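Biologist: Please take a close look at one part of this model, the interface between the two chains. How do the copies meet, and what else in the backbone and side chains deserves a comment?

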2 protein chains.
Amino acid sequence: MAAPKDFLEFVDANADLFIQRLGEAVAIPSVSGDPSHRQDVLKMSNWLNAQLQALGVDTKQVDLGTQELEGQTLQLPPAVLGSIGKDPKKKTILIYGHFDVQPAQLSDGWDTEPFTLVVDDASGKLIGRGSTDDKGPILGWLNVLQYHHKHGKELPVNLKFCFEGMEESGSEGLDDLVIRESKPGGYFEGVDCVCISDNYWLNTRTPALTYGLRGVVYYAIHVTGPARDLHSGAFGRTVHEPMTDLIALMNKLVDGKGNILIPGVDDMVAAADAEERKLYEQLDYSIADVEEAAGGKIALSDDKVQVLMGRMRLPSLSLHGIEGAFSGVGAKTVIPSKVAGKFSIRLVPPQTPENITPLVNKYIEEEFAKLGTKSQVRIEYLHGGRPWVANVKHWNYEAAIKATEAVYKRKPDLMREGGSIPVTLTFAESLGVNVLLLPMGRGDDGAHSTNEKLDRSNFIEGTKLLGSYLYEVAALS
Amino acid sequence: MAAPKDFLEFVDANADLFIQRLGEAVAIPSVSGDPSHRQDVLKMSNWLNAQLQALGVDTKQVDLGTQELEGQTLQLPPAVLGSIGKDPKKKTILIYGHFDVQPAQLSDGWDTEPFTLVVDDASGKLIGRGSTDDKGPILGWLNVLQYHHKHGKELPVNLKFCFEGMEESGSEGLDDLVIRESKPGGYFEGVDCVCISDNYWLNTRTPALTYGLRGVVYYAIHVTGPARDLHSGAFGRTVHEPMTDLIALMNKLVDGKGNILIPGVDDMVAAADAEERKLYEQLDYSIADVEEAAGGKIALSDDKVQVLMGRMRLPSLSLHGIEGAFSGVGAKTVIPSKVAGKFSIRLVPPQTPENITPLVNKYIEEEFAKLGTKSQVRIEYLHGGRPWVANVKHWNYEAAIKATEAVYKRKPDLMREGGSIPVTLTFAESLGVNVLLLPMGRGDDGAHSTNEKLDRSNFIEGTKLLGSYLYEVAALS
């Protein structure tokens, strides 16, 4: 069931008003990572709460307690929960978004004031901090609500909302809230699926749905030797040097082709069959796109499928750096006494921090023993998170695919992301329902960069997409 | 010919006065590396010039021009040249020392005011910045001059002095001066040998002579890939990572036993024969001494000779660190776009920067080609200096050995240093004469550290040693 024709017309007719409202939201500098802007995040919570109420949504602002930041005790911005529709015959969809933003200053290199939405008619860009991450998508939902509210129309599904103001600062307080409200009797009881619009198309051309995210484990290999830093003139070739041992260990983790050398890690992931390879072949993304994004002709392979699978469905190991060694400019003749090599592994199912860490520890300890050094080694697990993959045959995805085809007249790219969006896993695990990532913006929006933008067409067609998705869910029920 | 008995008695009788004069010198905070102390270095030059003149030395202060430091144009402290005695039948010895010091502040962890000489009668230590490096040795020469001046006695040799005030800051301006004055008609014309007292015994027990220093070459291996730092989630296993390639290269430079893996480098140095090994066996220095100095049981071998040769007569390669990679605390998921691995090689004869650098470049380029990466590599030569080894059969060394036996009643350790004292090479090459390093202080003096000290007995017996050395030179002529 496609969205009503007059909904689509309403969106086009009200585009300027929608953009004006996005300007109001962008003008509130709700930077969650900067204590001096904490009041603005609270203000943004209040603004959003009032908008939802005006559009007929039952809401509540939930106190998430306090946090310690830079020596201050700060009130966390309240999350905004909302509910509209209670028809037991309809599906209930939980919508997530965040109303806080990354820091931004003109002096960072912005061409325009970051907290003033600039509508550039020539390029069709709506430029401002939060335009695409994540105020645009949240306002897309407000736009959908407005149509139904104004015309006294019931939504085709029941909606619950969960909007937070700490996403750019580790979603502090959110996990507890989601876990609590997902229990029987909780606010999220009866939710049938989740829809999150907080990521981006693969490129600038093709709408996309995201059904997988990699997890991560992050480690430090600590190698210690002498009690203090030594002069390389006085001690070179007299003592075991921790740097020599650490470099040898780091060299055993990954090869130049990206293969992970820790036994059992790559093997844990089944090879893609012909059908799965086809998924990657179909994606509107080329080696040139990868290399343009990276800024160099450095793709690991000339085979597009291989490169995309390397990003989306294979684990990866990156060496990030060394703590404790000389890292400045110039030439310092030091033998560092203790060094820590940092590396992380991006995980895909069935890998988890719990099944990968023992393999890492065992291998590094065995390889260290082979070095025959008198240095000491210790492996530190710094943090980790599980990967996530959703079932794309679920009606939640089918609805999103149909809605995309209706609005954009083409099939969406069905993709997995190489990085992590931790809240996705929290919803999937707490609620046990299908989670859909339905991006509104394009791959070049520059979410955390200067001159963040959302294309006008993505905001307007994206609003149509969100509304259409609700109607397609209802049709598939 | 031993020094006159009344010289030795004079030194003992005037010990307190000598220490008082050392206190005067230490009280001038002649820190060459700190522009705010530049006037104190000038003051120290004047003080020393006046002391020498009062003891009958013809002197001149030589303007060395200016330097740019921290955005300021600073006058370099004038070097002090001196001359006493012109008897063509006597040997002429050139004495070098430096009157500038390392920075020091109580807040660095000193137990006492660094620029107030503290005479600790219980431990026998003279504590203060510059006490051992290098004001104590310079004042040892003043003490020797004072005996001869007071008693109207001619020195047994002719002396030239070259004292500088920029040693702790790269001896700026000195090389030009030495090269110029070493030419025919220059101030140093007719010099038969050089004596430098600016290093330390191997331990706290046994006097030493130093006849060799290692040279050094310092390189950075630059590996570049993407145009900007990348997120390891989005790009892990899609692109060649410069860190992976750099770690692979750094791992090919040296093994865990200290062997240099660059073909031709270790091979360039002839193995020690039985006679040379005996020199190392005789040194009063144990594995325990090495490990105490390093603060850990981490010697590369249990064979004392092997460990001492590793420090003194073999090249060494140390990996110092990586510029451009993540080096902070915590966990940053970055793929650095360009990294520079820093390493240096300590050189021994016949190795030179000129014959080592082509081997380094060729090897790294070959190994990089084997990696099959799309990253780029560039090898940067940062700085270098040649090694130096003196002939210990020369009368200059024979005199120093006899003087040591006379004053300390034991044979000195004949040793080579693992580090570099660049001015040594400048004198050796400019003058073409034998250079002797005749240390006054002990291995635990802490020359560049907090609580720098010179033992009272090293100052007083050291003064006797310097005087006796002059008489032994005269006797051997």
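Modeller: What follows starts with the interface and then turns to a few local features within the chains.

The model is predicted, so every value here is computed from it. Begin with how the two copies are placed. Chain B is superposed on chain A by a rotation of 180° with 0.2 Å of shift along the axis, and the RMSD is 0.2 Å. That is the relation of a two-fold axis. The contact surfaces agree with this: 100% of the interface residues of chain B are also interface residues in chain A, so the copies meet through the same surface.

As for extent, 79 residues of chain B are in contact with 79 residues of chain A. The two chains bury about 6,100 Å² between them. Of that area, 53% is on carbon and sulfur atoms.

The polar side of the interface can be counted as well. Between chain B and chain A there are 46 residue pairs in polar contact, with both residues at pLDDT 80 or more. On the side of chain B that touches chain A, strand 13 (residues 316–323) of chain B gives the most, with eight residues. Sorted by class, that side of chain B has 34 nonpolar, 28 polar and 17 charged residues. The count of salt bridges between chain B and chain A is four. One of them joins the side chains of D302(A) and K374(B), at 3.7 Å from N to O; the cut-off for a salt bridge is 4 Å, so this pair falls within it.

Next, the aromatic side chains. Over all chains, the structure holds 20 aromatic pairs. Among them is the pair of W201(B) and Y408(B), which is edge-to-face, with 5.6 Å centre to centre and 85° between the planes. W201(B) lies in the loop between strand 9 (193–196) and strand 10 (208–213) of chain B, while Y408(B) is in helix 12 (residues 395–408) of chain B, so the pair ties together parts that are 207 residues apart in sequence.

Last, the backbone. Most residues other than glycine have a negative phi, and most peptide bonds are trans. Against that background, the peptide bond from D133(A) to D134(A) is cis, with omega near 10°. D134(A) is found in helix 4 (residues 131–150) of chain A. In chain B, a cis peptide bond joins D133(B) and D134(B), with omega about 10°, and D134(B) lies in helix 4 (residues 131–150) of chain B. K409(A) is not a glycine, yet has a positive phi of about 60°. K409(A) sits in the loop between helix 12 (395–408) and strand 18 (413–417) of chain A.

Notes. Residues numbered from 1 in each chain as written. Chains lettered and ligands numbered in written order. Predicted model: local features only at pLDDT ≥ 70, side-chain atom pairs only at ≥ 80, totals over all residues. Heavy atoms only, no water. Least-squares fit on C-alpha atoms with pLDDT ≥ 70 in both. Contact = heavy atoms within 4.5 Å. Buried area = accessible area lost by both parts, 1.4 Å probe. Polar contact = N/O pair within 3.5 Å; in protein donor to acceptor, adjacent residues only side chain to side chain. Helix = DSSP H or I, 4+ residues; strand = E, 2+ residues; numbered from the N terminus. Nonpolar A, V, L, I, M, F, W, Y, C, P; charged D, E, K, R; others polar. Phe/Tyr/Trp six-rings, centres within 6.5 Å; stacked < 30°, edge-to-face > 60°.
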